[in-house]
Amino acid sequence: MGYWFQPNNQCDIAISSRIRLARNIKGVPFPFKMNAEQIKQINHQVRDAIANSDNSLAKKLKYIEMENIPEIERFAMVERHIISKNFALNYQNRAIIISDDESICIMLCEEDHIRIQVLESGLQLKKAYETANAIDNILCDSLDIAFDERLGFLTECTTNLGTGLRASVMLHLPLFEANGGIKKYITNITRMGFTIRGMYGEGTKPLASIYQLSNQITLGITEKEAIEKTTKVAQQFIESEKEYRNQLDTLRIEDRCMRSYGVLKNARVLTSDELMSRMGDIMIGISLGIIKNIRYPMAIFVSAQPYMLMRKYGEMSPESRDIERATMIRSLL
Amino acid sequence: MLCEKCGVNNATTHIRTVVKGVVCDKYLCFSCATSEGFKSKELSQIMSALLGEESNNQNSKIARCACCGSTVAEIAKSGKCGCSECYNTFYDQLLPYLKKSQFGKTRHDGKLIQKIKRIQQSKEEEIEELKYLLKKSVLEENYEKAAVIRDKIKELKEET
């Protein structure tokens, strides 16, 4: 385990994998119908279930109330993919249970009472599921989880019924995108029961050609099947992206990567958008062995996000952020 | 059309009387209709009373989830259930929505929670036991007992 943006292996097309399990407590209204008192009760029930467990995984987790986290840090957590934007906005009375390396985070009373999330770097859905499942077992053993023999785990939205499992893979597909691939395949992907969205999930634009592929079907399918199928579809994307990369003119791609490297190394003002597109080139460069001295491009990418910058350097205007971003990137490269 | 009685005002009230199969239509203005005993106030009162009663009836007929108070219409509109009990209360009505959102699938095939696993395991064990007794009863030619056991096995299989 570790930060998803600081992988042990080389940066590649599959950036990270995420497993999310949605669970609820029986006989309690779902969060959108709950009052503050009910929310607190659920928070404490789950906190105690984890605290009273002998499982070694549970010992690594700590309970944090969202009201104790400053606004900038809350949104920086969204940029690090730990919590959802909605959760950062509606933080009142909410709480999380989180591991030190942030690879495990349980959001309490987001859309469902319990949302277990496990992040891993690269294409490692199976490993992420094993961790999520172990935490789920702790909760299912000690809490009265809403479950129906016909419909499985009961969730607020019918799209999560059954396994309550969402398996997502973050993919860097610049050449697939440049060749019009995403739009071409989107209908097929939907028909197969998958969805592909921007980096920050639902309704977001793809930044730096980074996409999120996730399964849509949760009923009438086992967790193993869902994970295997998602992995398979992700692998197909990876293969296509690799094929496009192999077709490239070596000199031209080297030129493109090194130009972007040059800009990032020398820029004095750097907007978030420009950084995104330049980092896309850097990532291709690392993947093809053209750029060798950058180990964690996603770590650079994430740390240059607006709230992550403000978390480090204090609150500032967008203009000052662009200057600070350029300075930081120069020092990192 | 002018009022049949006064011939001055516009006819706003249509009165149809049927006496021994003979239909008689009258088209009157508001004041003539009132003087003939068809008071609009009473009519409107009757109508509102009728409608009111009906809408009250409708209200009491609309099924609500005992746990969170949600109705099927609310769930269908928002795509959100109010609580886990909604699925039990409105199972039949929700099934078409589930089918739509889950690519036609309606039956869970994934993980079971331990408590349910234990119940299912004990049911399976019971079925095995009954199968053994069924075989024994047939061998003993005790067909009445065998039929009872057969039905019990069928029942348990349907539950699992």
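Biologist: Is Cys29(B) buried or exposed?

Modeller: This is a predicted model, and every value here is computed from it. Buried means under 20% relative accessible area. Cys29(B) has 1% relative accessibility, so Cys29(B) counts as buried.

Biologist: What is the relative accessibility of Cys86(B)?

Modeller: Cys86(B) is at 0%, so Cys86(B) is buried too.

Biologist: How many disulfides does the structure hold?

Modeller: The general idea comes before the count. A disulfide is a covalent bond between the sulfur atoms of two cysteines. Over all chains, the structure holds 0 disulfides.

Biologist: Which residues in β2(B) are the bridge partners of Val18(B) and His14(B)?

Modeller: Val18(B) has Val23(B) as its bridge partner. For His14(B), the partner is Tyr27(B).

Biologist: Where is Thr89(B) found, and what does its side chain reach?

Modeller: Thr89(B) belongs to helix α4 (residues 85-89) of chain B. Its side chain reaches the backbone oxygen of Glu85(B) at 2.9 Å. Leaving aside residues up to four places away in sequence, Thr89(B) touches Arg64(B) and Cys65(B). Thr89(B) has 40% relative accessibility, so it counts as partly exposed.

Biologist: Now chain A. In what order do the strands of its open sheet run?

Modeller: The sheet has 8 strands, in the order β2-β3-β4-β5-β1-β8-β10-β9, and the pairing is antiparallel. The edge strands are β2 (61-65) and β9 (194-198) of chain A, each pairing on one side only. From one strand to the next, the twist averages 20 degrees.

Biologist: How many bridges join β8 to β10 of chain A?

Modeller: There are 5 bridges between strand β8 (residues 165-172) and strand β10 (residues 210-215) of chain A, and these strands run antiparallel. Take Met170(A): its bridge partner in β10(A) is Gln212(A).

Biologist: Which helix lies across β9 and β10 of chain A?

Modeller: Helix α7 (residues 181-191) of chain A does, running at about 140 degrees to β9(A).

Biologist: How many residues of helix α3 of chain A are buried?

Modeller: Helix α3 (residues 71-79) of chain A is mostly covered, with 8 of its 9 residues buried. Among them are Ile72(A), Phe75(A), Met77(A) and Val78(A). The cover includes α4 (85-89), β3 (95-99), α11 (297-303) and α12 (306-313) of chain A. Just after the helix, His81(A) takes a positive phi of about 65 degrees.

Biologist: Why does Glu73(A) count as buried?

Modeller: Glu73(A) lies in helix α3 of chain A. Buried means under 20% relative accessible area. At 19%, Glu73(A) therefore counts as buried.

Biologist: Which side chains do polar contacts join to that of Glu73(A)?

Modeller: One polar contact, of 3.0 Å, joins the side chains of Glu73(A) and Arg80(A). Another, of 2.5 Å, joins the side chains of Glu73(A) and Arg311(A).

Biologist: How many aromatic pairs does a search of the whole structure find?

Modeller: A pair of aromatic rings is described by the distance of the centres and the angle of the planes. The search finds 5 aromatic pairs over all chains. In one of them, the rings of Phe176(A) and Phe237(A) have centres 5.3 Å apart and planes at 70 degrees, so the pair is edge-to-face. Phe176(A) lies in helix α6 (residues 174-178) and Phe237(A) in helix α8 (residues 223-246) of chain A, so the pair ties together parts 61 residues apart in sequence. Both Phe176(A) and Phe237(A) are buried.

Biologist: Which residues form one aromatic cluster with Phe176(A) and Phe237(A)?

Modeller: Tyr185(A) and Tyr244(A) form one aromatic cluster with Phe176(A) and Phe237(A).

Definitions and conventions
Residues are numbered from 1 along each chain as its sequence is written. Chains are lettered from A and ligands numbered from 1 in the order in which they are written. This is a predicted model: local features need pLDDT of at least 70, side-chain atom pairs count only at pLDDT 80 or more; totals for chains, interfaces and linings use all residues. Side-chain values use heavy atoms; hydrogens and water are left out. Two strands pair if DSSP finds at least two bridges between them. Helices (H or I, at least four residues) and strands (E, at least two) are DSSP runs, numbered from the N terminus. Axes are lines fitted to C-alpha atoms, for helices over the stretch in contact, and angles run from 0 to 180 degrees between N-to-C directions. Contact means heavy atoms within 4.5 Å. Buried means under 20% relative accessible area, exposed over 50%, partly exposed in between (1.4 Å probe, protein chains only). A polar contact is a pair of N or O atoms within 3.5 Å; within protein, one must be able to donate a hydrogen and the other to accept it, and residues adjacent in sequence count only if both atoms are side-chain atoms. A disulfide is a pair of cysteine sulfur atoms within 2.5 Å. Rings of Phe, Tyr and Trp (its six-membered ring) pair if their centres lie within 6.5 Å; planes under 30 degrees apart count as stacked, over 60 as edge-to-face and the rest as tilted.
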